[in-house]
Amino acid sequence: MVAAATATARSITRVAARAFSHPSKPGGGNPVTVFLCPSVSHLPSSVQSDLARTCEWESVVASLPSKSAKEQGQIPSFRFYLPNGDEVSFCAHAAIGAAAVVAAEDAGPSSTLSFATADGNQQDIVIRNGEAELLMEAKLDEDIPDDFLALGDIRSALGLRMEDVSLGGEVGYPSYINSSVARPKTLFPIVDMNRLHAARNPPDAGKFRDLCDKIKSTGIYLYSACDEIGN
């Protein structure tokens, strides 16, 4: 499920969305900012980077083809950015959020939306009543980081205590694991939703990036396992 809020400036529409969210849990999920543009060919990469730097999290510049271009088979193109303005080849949760936003604007509540990435690859996302499912083939790589001092410093920077992180037995997963289909992220299982929502943004972004580098990660995913929505 994706929740969104929209603002328009000139020909670019800015949409604040959340992937992996649910209507019963407002504010949950992974945030992504989507910039809807009628044609990305007229928006220089430097401007796209400037737009990305106005965001606190990942963003997507989505170029939407005109009606006539769409009738000729042209599909939207997505370009993915980090909040520092750097472009990355792909970001799964950002793609899901952007696809749901584009579908809500144009494709309809139930459809398959195809989009092209900057490297020319095509990805498909199935939209069903506001829920988006990414269809992609990718190899999953996983390893367990072994720099426990860095892991402790990362945990502290997020405002979490050692006892906030599950030891693994409760959810059946390691306490810390680097997992990736593109860029490695480190998964932290949190003991319950209350402690999950107690986490904060790191006070020093540069230091936090250095800590992530020490464990060969591009960022941290916090999650709390549940067996049903609302639990």
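I looked up the accessibility of D50 and found that, at 43% relative accessibility, D50 counts as partly exposed, where buried means under 20% relative accessible area, exposed over 50%, and partly exposed in between (1.4 Å probe, protein chains only). I worked on a predicted model, in which local features need pLDDT of at least 70 and side-chain atom pairs count only at pLDDT 80 or more, while totals for chains, interfaces and linings use all residues. Residues are numbered from 1 along each chain as its sequence is written, and side-chain values use heavy atoms, without hydrogens and water.

I then turned to the partner of D50, R53, which forms a salt bridge with D50 at 2.6 Å between the closest N and O atoms; the term requires a side-chain nitrogen of Lys or Arg within 4 Å of a carboxyl oxygen of Asp or Glu. R53 is partly exposed, with a relative accessible area of 43%.

I counted five salt bridges by this rule. One of them joins E87 to R79, with the closest N and O atoms 2.9 Å apart, and E87 is partly exposed at 35% relative accessibility.

I noted another salt bridge between R195 and D164, whose closest N and O atoms are 2.9 Å apart. Because R195 lies in helix α5 (residues 193-197) and D164 in the loop between α4 (148-157) and β11 (177-180), the pair ties together parts that are 31 residues apart in sequence; helices (H or I, at least four residues) and strands (E, at least two) are DSSP runs, numbered from the N terminus. D164 is buried, with a relative accessible area of 1%, whereas R195 is partly exposed at 22%. I also recorded that R161, E163, D164 and R195 are linked in a network of salt bridges.
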